[in-house]
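Welcome, and thanks for taking a look at this one. Please open the structure below and keep it in view while you read.

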8 protein chains.
Amino acid sequence: MNYNIDHNRKTRIGFPEVIYGESKDVDTLSNILEETLKHSPNALLTKLQEEKYLKIKDKFKNVFYDLKSGICIVGNLTKNKKRNPDIIILSGGTSDEFVVNEAFYTSEFLGLKAKKIIDVGVAGVHRLLDRKEEINKAKVLIVCAGFEGALPTVVGGLFPQPIIAVPISIGYGVAKGGHTALNSMLSSCANGLLVTNIDNGYGAAIAAYRIVKGLR
Amino acid sequence: MNYNIDHNRKTRIGFPEVIYGESKDVDTLSNILEETLKHSPNALLTKLQEEKYLKIKDKFKNVFYDLKSGICIVGNLTKNKKRNPDIIILSGGTSDEFVVNEAFYTSEFLGLKAKKIIDVGVAGVHRLLDRKEEINKAKVLIVCAGFEGALPTVVGGLFPQPIIAVPISIGYGVAKGGHTALNSMLSSCANGLLVTNIDNGYGAAIAAYRIVKGLR
Amino acid sequence: MNYNIDHNRKTRIGFPEVIYGESKDVDTLSNILEETLKHSPNALLTKLQEEKYLKIKDKFKNVFYDLKSGICIVGNLTKNKKRNPDIIILSGGTSDEFVVNEAFYTSEFLGLKAKKIIDVGVAGVHRLLDRKEEINKAKVLIVCAGFEGALPTVVGGLFPQPIIAVPISIGYGVAKGGHTALNSMLSSCANGLLVTNIDNGYGAAIAAYRIVKGLR
Amino acid sequence: MNYNIDHNRKTRIGFPEVIYGESKDVDTLSNILEETLKHSPNALLTKLQEEKYLKIKDKFKNVFYDLKSGICIVGNLTKNKKRNPDIIILSGGTSDEFVVNEAFYTSEFLGLKAKKIIDVGVAGVHRLLDRKEEINKAKVLIVCAGFEGALPTVVGGLFPQPIIAVPISIGYGVAKGGHTALNSMLSSCANGLLVTNIDNGYGAAIAAYRIVKGLR
Amino acid sequence: MNYNIDHNRKTRIGFPEVIYGESKDVDTLSNILEETLKHSPNALLTKLQEEKYLKIKDKFKNVFYDLKSGICIVGNLTKNKKRNPDIIILSGGTSDEFVVNEAFYTSEFLGLKAKKIIDVGVAGVHRLLDRKEEINKAKVLIVCAGFEGALPTVVGGLFPQPIIAVPISIGYGVAKGGHTALNSMLSSCANGLLVTNIDNGYGAAIAAYRIVKGLR
Amino acid sequence: MNYNIDHNRKTRIGFPEVIYGESKDVDTLSNILEETLKHSPNALLTKLQEEKYLKIKDKFKNVFYDLKSGICIVGNLTKNKKRNPDIIILSGGTSDEFVVNEAFYTSEFLGLKAKKIIDVGVAGVHRLLDRKEEINKAKVLIVCAGFEGALPTVVGGLFPQPIIAVPISIGYGVAKGGHTALNSMLSSCANGLLVTNIDNGYGAAIAAYRIVKGLR
Amino acid sequence: MNYNIDHNRKTRIGFPEVIYGESKDVDTLSNILEETLKHSPNALLTKLQEEKYLKIKDKFKNVFYDLKSGICIVGNLTKNKKRNPDIIILSGGTSDEFVVNEAFYTSEFLGLKAKKIIDVGVAGVHRLLDRKEEINKAKVLIVCAGFEGALPTVVGGLFPQPIIAVPISIGYGVAKGGHTALNSMLSSCANGLLVTNIDNGYGAAIAAYRIVKGLR
Amino acid sequence: MNYNIDHNRKTRIGFPEVIYGESKDVDTLSNILEETLKHSPNALLTKLQEEKYLKIKDKFKNVFYDLKSGICIVGNLTKNKKRNPDIIILSGGTSDEFVVNEAFYTSEFLGLKAKKIIDVGVAGVHRLLDRKEEINKAKVLIVCAGFEGALPTVVGGLFPQPIIAVPISIGYGVAKGGHTALNSMLSSCANGLLVTNIDNGYGAAIAAYRIVKGLR
């Protein structure tokens with residue numbers, strides 16, 4: 001079968017087509033990867049399960065995989081060597097890392113400099129205030145939170161940058177699935193928050209790229 | 001028709017039966033009031049519409065009415081003259097007053113000393129920190145919030161008292177009806193928040209009464 | 001009563017506190033406006049009903065009001081005279097103007113140059129393609145849509161700028177209230193869309209301001 | 001036990017009773033199949049799990065099975081040899097094949113000529129425009145989409161044929177389960193779309209059969 | 001302001017752009033009508049409120065209006081004089097007429113011959129069976145139902161034609177808003193039903209037109 | 001227009017067709033009434049608005065109307081003179097009367113003997129226990145409750161009769177619309193409760209009639 | 001630990017306490033069973049998983065288990081030898097048997113005579129009409145249906161007995177979990193249907209017992 | 001990696017940071033535990049899976065684990081030796097123990113004296129009345145219930161203490177996930193109930209601690 005890959009997407013809107021790994025089998029993924037690597041030095045797969053990664057690793061060279069997020073990068077990658085990060089990714093706790101990492105590695109794939117600040121949850125707000133100067137240096141803030149999703153609201157009241165809020169599907173009872181965090185971010189009394197789908201660290205990074213690219 | 005009023009509720013659980021005003025007509029309300037005032041010096045009606053109040057005012061003596069909340073008290077009321085409030089009622093903004101007042105006047109009806117602190121919303125968290133000492137003196141905190149409902153979470157990380165979180169039906173889009181604020185409070189990462197139904201300032205005051213009564 | 005207005009918000013995060021007009025009465029609004037105008041040359045009210053505007057107009061000078069959106073600006077306003085717009089606001093049809101205008105006038109209040117392009121709905125996609133060059137000149141795109149909310153997805157596949165998608169509560173049946181448009185935008189297969197609450201044209205403009213300010 | 005099979009359905013409404021495989025055990029399925037094949041040259045099972053197929057394969061002759069969709073055809077099948085397809089089945093990506101195939105094989109079972117065009121998602125709309133002539137030749141279009149479900153809307157604005165939109169349960173966060181795609185298709189601003197249940201490729205094919213049969 | 005009317009839609013997909021009347025003001029509607037009537041002999045408005053109709057009637061010639069459905073046709077209309085209807089519109093009761101009529105008059109606007117059969121609800125199924133011969137003559141069936149929405153299921157088990165099921169927002173409790181009827185039709189055990197949005201009689205007629213046009 | 005009234009329903013299942021008054025206009029209602037009264041001594045209309053009643057009263061003889069429930073009976077009615085009630089209708093408070101009365105008057109219309117016991121809500125369970133003997137005499141219990149809907153659960157643990165639980169749309173916040181009461185009754189830990197739609201006092205009475213008729 | 005078993009329930013309301021097997025471990029179940037069998041000749045467990053049954057079978061005598069429904073009866077059981085069934089249990093297809101059987105065996109446990117009629121789904125309504133005489137002989141009808149849940153509506157229009165409608169969690173897409181069937185039954189236009197929770201065959205049997213007991 | 005543990009939480013609000021075990025891996029948990037035990041004699045983990053406990057047991061001394069609730073306490077614990085319990089935890093049945101135990105062991109970790117009373121469900125209300133005197137001695141009542149969640153309503157009508165209602169995710173159909181119990185408790189007609197998230201026994205204990213601490 002032929003795959004209709006959108007090779008001219010990078011020219012058109014600045015970044016290549018990305019491969020959603022979760023619901024494709026390994027054969028399909030391999031075919032798409034081969035086709036993509038004919039036109040591009042590397043390729044990004046998102047939400048890839050570990051058992052599929054293990055098979056892809058055997059078929060391709062230079063395969064990077066992050067177990068927590070399921071991000072997989074096939075091919076060469078040039079790291080951005082800037083000192084100040086373009087993007088700082090904030091989150092309330094270590095349970096959020098599967099999304100934080102998706103945003104982090106997608107950012108690096110796109111050539112941005114990213115930095116993670118984990119464990120600055122709202123229940124101990126002093127931890128956030130202690131790192132104010134550092135956070136002020138980034139161009140865009142990606143703020144991840146599960147449960148009640150209040151972290152972006154507090155960040156939005158303290159910092160002037162564009163803020164991308166990412167709800168996370170961590171929590172139980174009414175927080176299950178991340179819908180409470182999502183709705184909380186959408187209806188925040190802090191002005192000008194922008195929101196992605198639940199667990200969409202990847203989309204947050206692409207959005208940050210759209211913003212940062214305009215700045216350069 | 002006879003009304004089966006639960007006159008011994010005050011003996012049994014410490015506070016009298018209260019009359020839900022919203023869905024009863026004036027005749028029914030008048031009959032219930034007359035019956036109640038035979039056994040009690042006063043009576044409390046909640047969520048009473050103004051047009052009904054105007055008719056009730058003409059039939060009974062000593063009728064107090066708060067237009068914002070629809071609280072109506074018929075009969076005598078002895079104010080608590082303590083200096084420090086038993087309860088402080090916090091909220092994010094002036095739009096919340098219809099619930100804040102319901103909690104405030106119900107508390108006074110029950111003989112508690114209450115105080116309101118409006119406009120300490122999370123988007124400017126310094127306003128809350130400035131009044132820390134004053135808030136520390138209350139025995140119970142009632143925290144009202146609409147939209148994303150983040151205020152109780154921040155309060156819960158700063159203060160040790162029992163915290164009663166009241167979601168408010170202020171907001172639009174996903175915040176409409178108060179369900180986002182409710183879910184946000186229920187799934188808060190601040191520990192030990194207790195939550196009431198949306199707009200239930202009255203229930204929050206009764207719950208505060210159950211707590212404060214044990215303290216005396 | 002004193003209002004705890006957050007006067008230093010402009011210094012802290014770059015734009016002043018804005019007044020949510022929908023659920024406050026005229027007296028409260030007047031007091032807040034007076035207090036605000038002591039520290040600021042102008043003030044913005046959102047979702048203000050016409051009958052309240054008519055009373056506010058009599059009490060203050062220089063009152064601008066847009067009937068469709070309910071935006072009200074009290075005080076002086078300096079228009080941005082740039083030729084190319086900072087922001088282009090796209091929408092599918094004339095029914096969307098109550099939100100398009102909220103974004104438009106808030107942008108102007110914040111000193112940005114904004115432009116509206118109405119009636120480029122997805123059912124006739126050629127209308128969008130015809131204006132490609134013009135749209136490419138803006139720094140940020142705000143894309144409003146009700147019903148199935150597909151416009152931001154198509155825009156996201158054609159343009160490289162930051163895209164702020166605003167779901168609109170126009171529609172009936174499953175589209176009622178704007179939740180279908182919201183969910184459609186959040187789960188778009190076009191990468192890097194950022195989403196606001198339903199009908200939140202005001203928040204979209206603030207977010208655009210956070211982005212454009214970094215570009216200058 | 002006797003099974004009340006509706007043998008005269010084909011006479012009455014033109015197509016035979018079909019067997020929903022997902023929630024029946026192999027014994028039940030075998031009995032129903034035996035009963036059906038007494039009156040009909042073949043039988044169609046939908047959403048059949050692989051482990052059940054393996055057992056059925058051993059008991060019956062001429063068993064066709066498609067792993068992706070779970071479609072199973074027992075008995076002889078005469079392929080339609082027309083050159084132009086009656087039905088074209090469009091979809092946004094390879095993740096949709098489990099439903100695309102269900103529609104495809106059900107169509108063939110019913111004697112229609114079907115054709116699949118995968119990977120014409122909205123984020124790269126040129127891929128759809130490139131195949132306009134080919135698509136114009138079909139009598140009915142079945143359009144499958146997960147995530148935000150925008151493909152049928154774009155197709156509906158470009159083509160005059162009857163359009164059967166099939167929402168697919170591919171996606172995460174608010175797209176989980178396919179409800180966003182479903183609602184998006186139901187409230188499309190493209191006129192005259194007709195919608196089936198989520199993942200119901202089988203029902204889409206039956207509906208197409210009802211339409212095409214009238215044309216002949 | 002200029003309106004971007006999609007004048008070539010009729011050439012492209014066979015029927016003209018239609019005007020959604022519910023959320024536009026009279027001035028906007030008049031401008032759009034004027035613009036439309038330059039290119040077309042007539043125009044269709046849907047879900048138009050009576051007070052708007054009364055003003056439009058004064059500005060245009062040949063204005064037809066149906067109070068129940070809010071359908072408004074401006075300009076000349078040639079009635080289809082065929083004996084057998086292309087479309088039969090079935091419904092369970094007189095409460096459904098606001099949608100039945102929307103489908104009926106839209107069909108006539110498009111040049112189809114339509115017929116209404118009201119009051120054949122499922123609770124007395126003999127009423128439907130009595131008219132079997134008549135119903136068999138139509139090319140397409142539009143079946144409207146509120147409450148539990150079972151009528152299309154019964155019709156689908158009895159008739160071989162294409163069936164367009166239209167859920168109606170008649171009912172209370174769990175039936176309120178029409179969502180139960182919608183879900184019931186989508187998950188019908190009768191095969192090959194096709195469904196529109198709640199109350200979308202207009203869309204059902206367009207869909208019927210797409211089908212019937214292919215037959216001629 | 002002719003109305004397809006199901007005149008033989010009484011013969012078939014024991015009770016006549018009833019007219020849903022809420023969404024029909026007065027002309028339609030009058031025509032249906034006239035048609036019905038040709039075959040039957042009386043007719044029942046449900047959920048009829050007062051302004052429609054006032055017009056119907058002028059056109060027909062012997063019109064009974066209950067303002068709270070909107071029940072309207074046209075024609076003669078023979079009261080059941082038994083001493084013990086067939087049905088006892090229980091409810092938690094006076095706000096529930098609009099549904100209690102619907103059940104009560106429908107029961108009387110069907111020739112059953114009914115009795116109302118209001119104000120036995122769960123918050124004062126002794127009120128229910130005090131009337132145990134009286135309640136034990138009825139053949140069927142209809143139990144109405146809004147808010148959390150706990151009354152049928154307590155009744156179900158105390159009484160052996162068939163229990164028909166009717167959820168009521170009284171309440172605010174999460175209780176709004178009656179869905180919490182409905183779900184509470186459906187998932188009751190008291191065994192063998194049977195539930196109707198929200199506010200469906202009429203359906204409860206018909207169901208009671210189906211039961212009692214078998215007993216005689 | 002002691003278990004507070006409600007031994008006098010049978011005296012109070014006519015049937016014994018039943019043991020919900022799904023969420024208890026085998027030790028807990030064994031203790032409760034032992035305690036119960038001291039006061040009663042037998043005990044009923046519902047929704048018991050097979051692996052637990054296998055352990056219970058080894059500890060107790062006379063253990064009956066139905067794999068499809070998870071019903072388990074421990075102890076002696078006297079079968080009712082009447083010729084005509086008290087209860088007929090109808091359903092649309094063989095997928096419904098896990099609930100049909102739960103109702104069937106619970107009825108037998110309670111001493112009722114029950115009969116099952118499977119495969120009379122609405123898509124072939126003649127199958128139901130063919131068995132009209134037989135169905136008319138039962139005192140109570142239990143009608144089970146998944147998907148769109150239309151069977152009780154059709155039954156309700158044809159038969160005069162008490163009808164207990166049981167929604168079943170069979171279906172996919174919008175039918176998933178059984179909520180569509182539930183809502184469909186609650187809002188049926190057939191009068192006087194009574195509804196249980198989804199998959200609650202057990203509760204339906206208890207309710208039937210409450211009805212039949214009054215008849216004897 | 002460093003963990004930003006909030007060591008001064010105990011000083012600030014009276015109880016230490018607790019570790020949410022469910023979504024963290026064993027390495028992360030071990031690091032956090034080591035860090036915590038440097039500043040505190042013990043640590044509490046909630047909702048910990050058994051397989052993780054088995055690994056933690058090997059790395060730390062004095063590890064207590066409760067299989068039902070997943071509560072894990074690492075380090076020394078001083079039991080409260082008071083005779084009367086501070087807290088009584090009530091529930092309807094043995095299925096609720098996974099939450100009852102979470103509340104129980106968290107209370108003990110915080111130095112409170114707790115007691116469990118299981119199996120006092122509403123369907124046999126006498127079991128609750130029999131233990132009235134004992135229950136009256138506690139300072140706070142935690143009331144757990146799944147299914148329809150009526151127990152806190154009945155308790156609230158009988159006892160004057162602060163009542164913390166904990167909804168439990170036990171049940172099927174509409175009760176699945178615990179949302180019915182939650183909504184039922186929030187909208188209770190018993191006054192002054194306070195509610196936690198579904199299954200949040202841990203939060204209930206912290207809230208009880210906030211109350212009891214004020215009493216001493």
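## How the copies relate

Keep in mind that this is a predicted model. Chain A can be laid on chain D by a rotation of 90 degrees, with 0.0 Å of shift along the axis and an RMSD of 0.0 Å. The two copies are therefore related as by a four-fold rotation axis.

## A covered strand

Now to strand E2 of chain A, which spans residues 42-46. Is this strand mostly covered or mostly open? It is mostly covered, with five of its five residues buried.

In a regular strand, side chains alternate between the two faces of the sheet. Here, Asn42(A), Leu44(A) and Thr46(A) point one way from E2(A), while Ala43(A) and Leu45(A) point the other way. Residues on both sides are buried.

## Its strand partners

Which strands pair with E2(A), and in what sense? With strand E1 of chain A (residues 19-20), the pairing is parallel and runs over two bridges. Tyr20(A) has Thr46(A) as its bridge partner in E2(A). Between E1(A) and E2(A), the chain crosses through helix H2 of chain A (residues 26-37), giving a right-handed β-α-β crossover.

With strand E4 of chain A (residues 71-75), E2(A) pairs in the antiparallel sense over four bridges. In this pairing, Leu45(A) stands opposite Cys72(A) of E4(A).

Methods:
Residues are numbered from 1 along each chain as its sequence is written. Chains are lettered from A and ligands numbered from 1 in the order in which they are written. This is a predicted model: local features need pLDDT of at least 70, side-chain atom pairs count only at pLDDT 80 or more; totals for chains, interfaces and linings use all residues. Side-chain values use heavy atoms; hydrogens and water are left out. Copies are superposed by least squares on the C-alpha atoms of residues with pLDDT of at least 70 in both. Buried means under 20% relative accessible area, exposed over 50%, partly exposed in between (1.4 Å probe, protein chains only). Two strands pair if DSSP finds at least two bridges between them. A crossover is right-handed if, with the strands pointing away from the viewer, the path from the first strand over the helix to the second runs clockwise.
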